[in-house]
Amino acid sequence: MKLESKVPPGPLAEKWTRYKREQKLISPANKSKYTVIVVGTGLAGASAAASLAELGYKVLSFCFQDSPRRAHSIAAQGGINAAKNYRNDGDSVYRLFYDTIKGGDFRSREANVYRLAEVSVNIIDQCVAQGVPFAREYGGLLDTRSFGGAQLQRTFYCRGQTGQQLLLGAYQALSRQIGLGQVKMFPRCEMLDLVVVDGKARGIVTRHLETGKIQSFSADAVVLATGGYSNVFYLSTNANGCNVSATYRAYKRGAFFANPCFTQIHPTCIPVSGDHQSKLTLMSESLRNDGRVWVPRNKADVGKHPNEIPEDARDYYLERKYPSFGNLAPRDISSRAAKEVCDDGRGVGPGGRGVYLDFADAIRRQGKARIEEKYGNLFQMYERITAEDAYTRPMRIYPALHYTMGGLWVNYELMSNLPGLFVIGEANFSDHGANRLGASALMQGLADGYFILPYTLTNWLADQKPGVTPLDHPEFKRVEAEATQRIKKLLSIKGKKTANELHRELGHVMWEYVGMARSRAGLETAIQRIRELREEFWSNVCVPGSDADLNVALERANRVSDYMEFGELLALDALRREESCGGHFRVEYQTPDGEALRDDANFCHVAAWEYAGPDREPIRNIEPLEFEVVKPTVRSYK
Ligand SMILES: Cc1cc2nc3c(=O)[nH]c(=O)nc-3n(C[C@H](O)[C@H](O)[C@H](O)COP(=O)(O)OP(=O)(O)OC[C@H]3O[C@@H](n4cnc5c(N)ncnc54)[C@H](O)[C@@H]3O)c2cc1C
């Protein structure tokens with residue numbers, strides 16, 4: 001199938017302005033005749049729901065948490081990028097665009113990324129107006145710091161709690177519209193399926209997590225803002241509830257899933273400490289502004305207390321290998337470098353799977369109080385988890401699954417190939433290509449919700465006659481019945497393993513064969529193992545309790561059942577992409593010094609997977625990526 005990106009014609013820097021100039025409008029009186037469903041209340045969903053309601057649309061907003069403000073976005077720590085150039089250090093829209101395209105290893109759409117950089121400046125103004133307490137300098141201006149993959153300071157932040165503060169801003173905007181009756185909020189409501197009528201997305205089927213009630217909702221358009229799928233790896237930095245269900249089920253109803261193998265492994269997480277863990281904890285990339293990454297130069301020193309290892313016996317490997325970017329080399333590159341030194345037997349801590357992140361120099365130079373001011377909550381979190389004081393000995397960190405660049409395919413208007421289904425935030429395949437730069441996810445989520453969707457959705461709705469499909473339409477009834485049946489089936493198996501146990505086994509397979517280093521043989525093994533696990537899941541999962549009240553085991557099993565299928569799609573995508581780029585590292589394709597080796601001649605495209613039915617291999621569609629302004633080059637941070 002030919003994928004229409006709908007990128008407007010004209011020079012790159014004028015495309016978005018031109019789009020807005022030419023977009024169709026709907027009069028204020030008519031906007032209230034349209035209903036829009038927004039699933040998700042993270043930064044993308046909350047900002048979209050609030051903005052659409054402010055425009056005058058009727059909005060139905062859904063999340064599975066008890067409050068919209070508990071969405072996973074609240075966990076974001078380090079900051080949000082914007083090309084404001086407040087520091088006068090040479091930033092510009094073009095430079096943010098270029099860094100993002102290069103950071104993604106030239107696997108994203110130029111026009112989308114340029115637009116993202118363009119609207120980044122509006123986001124900061126919007127959030128300041130909402131009262132988001134960004135860090136300020138002595139003179140009162142907003143402060144910025146560095147993040148990976150950039151040689152300037154464009155990251156705005158609120159200590160180590162940027163996501164929380166931004167989400168409170170978006171939540172206030174959403175609450176205002178709930179108060180005005182323009183948004184109807186449905187917390188504790190999990191989307192189970194998408195309803196497609198006559199080829200268009202027309203509604204969703206949900207389950208209320210406290211009463212178990214299965215219910216349908218109908219709308220003129222559906223927006224998915226349901227976040228990423230890192231938890232397919234079981235252990236990740238994501239909140240436990242994050243899941244792929246909404247997007248995966250939309251995929252099974254016809255929406256294409258793009259680049260599922262583009263997953264991000266973050267270099268600075270607290271290392272795994274044992275099998276008891278249900279999640280991992282991120283230590284924000286912002287720490288690499290002041291922390292220096294090292295391991296002992298000699299294997300013989302790995303067991304020593306770090307403070308006893310003299311300076312000349314340390315290997316500051318990022319500074320050594322990437323002198324221009326040093327400790328702020330991008331995530332994919334820093335993660336692989338950490339793996340390399342650990343594989344070499346120089347990793348520290350349990351199992352040799354850790355490297356040091358050391359603040360001694362920064363504390364000497366700036367004083368403990370300044371470091372505490374900048375990162376206090378992160379040091380506290382580290383101490384609570386490891387019982388170690390990072391002010392007096394280096395942190396131990398190791399890469400972990402963190403973010404997913406893949407997601408449902410969308411065109412320039414953020415609409416999927418299914419008319420009426422829009423996808424925003426981490427849930428779409430987005431603007432980050434094969435690797436996301438730090439502080440760019442918050443930027444993208446808020447750009448989509450506040451500044452892009454309100455235009456593009458209006459443009460689409462303007463051609464649609466308002467009026468929702470009645471809920472007694474046979475398609476709603478059919479999808480509702482299927483969702484109910486699936487829940488009943490999960491409860492009826494009464495096997496011997498919990499969904500959690502099976503999920504953990506899936507996670508082991510994913511991490512081992514589809515993690516930081518992937519090979520043909522490993523990916524084929526993974527696909528085989530996932531199929532076996534899926535079979536075991538459907539014959540041996542044990543889901544206690546009933547479907548008529550709060551049942552956390554049932555919620556979990558339902559989400560894990562999707563991971564059991566989606567894991568295979570991810571591995572298949574990794575198998576078919578016979579190149580290395582960004583976070584997708586195939587050991588067969590690397591340069592002599594171990595860097596990712598792209599194959600632009602054969603893989604400069606988006607792979608958009610089309611569901612072909614149960615037990616049939618999905619179809620790999622392609623959207624070629626055309627670079628008019630930037631010339632894809634070998635990505636170097638040396
Ligand atoms: C620890 C951590 C720190 C981070 N720090 C940064 C940072 O400093 N800077 C940065 O740019 N990025 C950061 N990120 C990434 C960033 O936080 C996320 O990419 C971003 O917040 C995702 O926002 P979202 O709105 O797309 O989705 P989310 O915030 O994940 O929201 C998803 C929403 O969808 C709802 N939902 C999901 N499935 C369903 C369903 N089936 N039915 C109903 N509702 C559903 C949920 O209830 C939730 O409301 C960090 C990520 C982590 C894990």
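Into which domains is the chain divided? Domain 1 covers 268–401, and domain 2 covers 486–603. The bounds come from an automatic or database domain assignment.

Some ground rules. This is a predicted model, where local features need pLDDT of at least 70, side-chain atom pairs count only at pLDDT 80 or more, and totals for chains, interfaces and linings use all residues. Residues are numbered from 1 along each chain as its sequence is written.

Back to the domains. Their C-alpha centres lie 29 Å apart. Six residues of domain 1 are in contact with five of domain 2; contact means C-beta atoms, placed from the backbone, within 7 Å. On the domain 1 side, helix α9 (residues 331–346) gives the most, with five residues. Helices here are DSSP runs of H or I with at least four residues, strands are runs of E with at least two, and both are numbered from the N terminus. By class, that side of domain 1 has one nonpolar, one polar and four charged residues. Ala, Val, Leu, Ile, Met, Phe, Trp, Tyr, Cys and Pro count as nonpolar, Asp, Glu, Lys and Arg as charged, and the others, Gly among them, as polar.

Next, helix α13, residues 474–493. Its 20 residues reach 29 Å from first C-alpha to last, close to the expected 28 Å. That expectation is 1.5 Å times one less than the number of residues. Which residues of α13 are buried? F476, V479, A483 and L490. They cover an arc of only 75° around the axis, so they sit on the same side of α13; the arc is taken over directions from the helix axis to the C-beta atoms. Buried means 20 or more other C-beta atoms within 10 Å of the residue's own, exposed means 12 or fewer, partly exposed is in between, and C-beta atoms are placed from the backbone. Their cover includes β7 (189–197), β8 (200–208), β9 (214–218) and α16 (552–576). The face turned away carries exposed P474, A481, Q485, K488 and S492. K494 follows α13, with a positive phi near 50°.

Two more backbone points. Most residues other than glycine have a negative phi. D105 has a positive one, near 55°. It lies in the loop between α4 (93–103) and α5 (110–130). D105 counts as buried because it has 25 C-beta neighbours inside 10 Å. L414 also has a positive phi, about 70°. Its loop runs between β17 (407–408) and β18 (421–423). With 26 C-beta neighbours inside 10 Å, L414 counts as buried.

Note on methods
Contact = placed C-beta atoms within 7 Å.
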